[in-house]
Amino acid sequence: MTAGDWQVVGFTIRVAALATLLILPPGLLVAWCLARLHWPGKSVVETLVALPLVMPPVATGLILLKAVGRRGPIGRLLGELGIDVVFTWRAVVLAMAVMSFPLLVRTARVAFEGVPVRLEQMARTLGAGEVRLFFTVTLPLASRGVLGGLLLSFARALGEFGATILVAGNIPGRTTTLSLAIYQLVQLGRDDQAYRLMAFTVVIAFATVWWSEWFLRRARRP
Amino acid sequence: MRLALRNIRLPLAHFEFQVDVEVTRQVTALFGPSGSGKTTLLDVLAGLRRPASGSIEIEGRTLTDTAAGLHVPVRDRHIGYVPQDGALFPHLSVRGNLLYGRRRDPEGIHTLPVEHVLDVLDLAPLLDRGIGALSGGEKQRVALARALLSSPRLLLLDEPLAALDDELKRRVLAHLQRVRDELRVPMLYVSHSTGEVAALCHEVLILDRGRIVARGEPQDLF
């Protein structure tokens with residue numbers, strides 16, 4: 001592994017971890033709402049949340065590019081605050097976050113649905129408000145499922161390619177992730193270096209998914 | 001204790017729950033066949049289910065009044081609840097469960113000293129145990145203590161001895177009698193057992209298909 005390879009590995013792990021942490025609060029909120037609340041139009045929200053799972057990642061990337069580009073509705077606002085997103089590390093984080101969000105929401109939702117409603121009701125009779133109830137009963141009892149979902153999301157973020165290349169480009173040292181680097185090395189015919197990065201990717205992905213499955217198996221136990 | 005349920009109505013799957021009753025005795029039993037609405041009555045009192053119409057008043061304090069659009073949240077009702085399975089928080093120790101709902105009644109009249117509750121229910125040796133290490137009878141005693149320590153104006157017990165064998169039933173019943181005589185907490189006690197009702201309760205309400213069809217003292221009804 002060259003210094004350049006390690007830079008790509010380090011950068012990818014850092015941005016994937018940041019993306020996963022950023023989606024944690026909204027992901028848990030959406031998952032809890034879907035698990036515990038009923039409202040008209042809930043199925044529309046469920047579908048919207050799942051869309052990045054089934055849409056071509058490049059199409060999602062194009063939507064992001066339009067939204068956060070300098071002339072896009074969000075990009076213009078951020079530009080006024082002096083924040084550039086497109087073709088920066090922020091765009092990599094954004095693409096990873098959007099693409100891994102549905103995995104977190106789906107696994108966390110199942111975990112929340114597995115928490116007995118009766119326990120939450122008892123906590124309310126004992127004086128717990130909704131926030132205290134969430135952090136002291138619901139979340140601890142769903143924690144294994146949530147951790148499993150978090151790791152799955154991290155693994156998904158590590159491998160993100162299609163949306164990232166559209167919204168962040170492939171700028172060496174600035175936005176190049178493991179997937180983008182492997183693609184570029186293959187294009188350049190530097191197969192040996194591509195295989196080394198691929199092997200590294202397989203090891204990280206295997207370890208993350210194995211760990212995630214371990215948590216999810218434990219979450220399914222009574 | 002004065003508990004008044006006025007014109008409570010709630011449509012259920014096979015009948016309409018209709019109750020209009022005033023309870024003044026310290027320990028009142030709710031007796032009746034399975035599916036007659038006993039647990040529904042407890043849930044309505046605790047605020048876990050909202051009646052379609054009617055009002056609930058306890059010691060002059062209105063908890064529910066559908067005509068006035070009033071429904072005091074579950075956490076502010078100060079009504080303790082001990083369900084059949086205890087519904088203890090499995091991720092907390094016995095001590096954690098007991099302290100979860102520890103609070104003082106705003107009027108200061110129902111606050112029970114922790115040491116007294118632990119003594120009456122013989123729980124001091126169990127404080128550092130996990131919930132998984134408790135027997136059925138111990139779990140019910142912890143659930144009872146947890147509800148008592150939340151300073152309840154009224155304690156709801158939903159067949160707390162149903163899952164125990166005869167020997168454990170006898171022992172937990174003795175603890176319940178001490179709670180009745182030494183802590184003097186008002187209780188509504190759901191049971192299928194005439195023996196339990198006769199040993200513990202001052203009055204019996206017999207429910208059938210959501211209506212109170214008879215009431216009286218245990219020795220008159222059984």
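Modeller: A residue is buried if 20 or more other C-beta atoms lie within 10 Å of its own, exposed if 12 or fewer do, and partly exposed in between, with C-beta atoms placed from the backbone. This is a predicted model, in which local features need pLDDT of at least 70 and side-chain atom pairs count only at pLDDT 80 or more, while totals for chains, interfaces and linings use all residues. Residues are numbered from 1 along each chain as its sequence is written, and chains are lettered from A and ligands numbered from 1 in the order in which they are written.

Colleague: What makes H4(B) mostly covered?

Modeller: Of its 13 residues, 11 are buried. Among them are Glu138(B), Lys139(B), Val142(B) and Leu148(B). The buried residues of H4(B) pack against E7, H2, H3, E8 and H5 of chain B.

Colleague: Why is Gly137(B) called partly exposed?

Modeller: Gly137(B) has 19 other C-beta atoms within 10 Å, so it falls in the partly exposed class. This residue is found in helix H4 (residues 136-148) of chain B; helices are DSSP runs of H or I with at least four residues, strands are E runs of at least two, and both are numbered from the N terminus.

Colleague: Which residues is Gly137(B) in contact with, leaving aside its neighbours within four places in sequence?

Modeller: They are Leu164(B), Leu168(B), Arg171(B) and Val172(B). Contact here requires C-beta atoms, placed from the backbone, that lie within 7 Å.

Colleague: How do you know that the span of H4(B) is close to the expected one?

Modeller: The expected span is 1.5 Å times one less than the number of residues. For the 13 residues of H4(B) the expectation is 18 Å, and the helix reaches 18 Å from its first C-alpha to its last.

Colleague: In what sense do E10(B) and E11(B) pair, and over how many bridges?

Modeller: They pair in the antiparallel sense, over 5 bridges. Ile206(B) stands opposite Ala214(B) in E11(B). The two strands form a hairpin with 2 residues between them, and Arg209(B) in the turn has a positive phi of about 50°.

Colleague: What makes up the side of chain B that touches chain A?

Modeller: In all, 16 residues of chain B are in contact with 13 residues of chain A. Strand E7 (residues 79-82) of chain B gives the most to that side, with 3 residues. The side divides into 9 nonpolar, 4 polar and 3 charged residues, where Ala, Val, Leu, Ile, Met, Phe, Trp, Tyr, Cys and Pro count as nonpolar, Asp, Glu, Lys and Arg as charged, and the others, Gly among them, as polar.

Colleague: How many helices and strands are there in chain A?

Modeller: Chain A has 10 helices and 0 strands. Of its 222 residues, 40% count as buried.

How values were computed:
Contact = placed C-beta atoms within 7 Å. Pairing = 2+ DSSP bridges.
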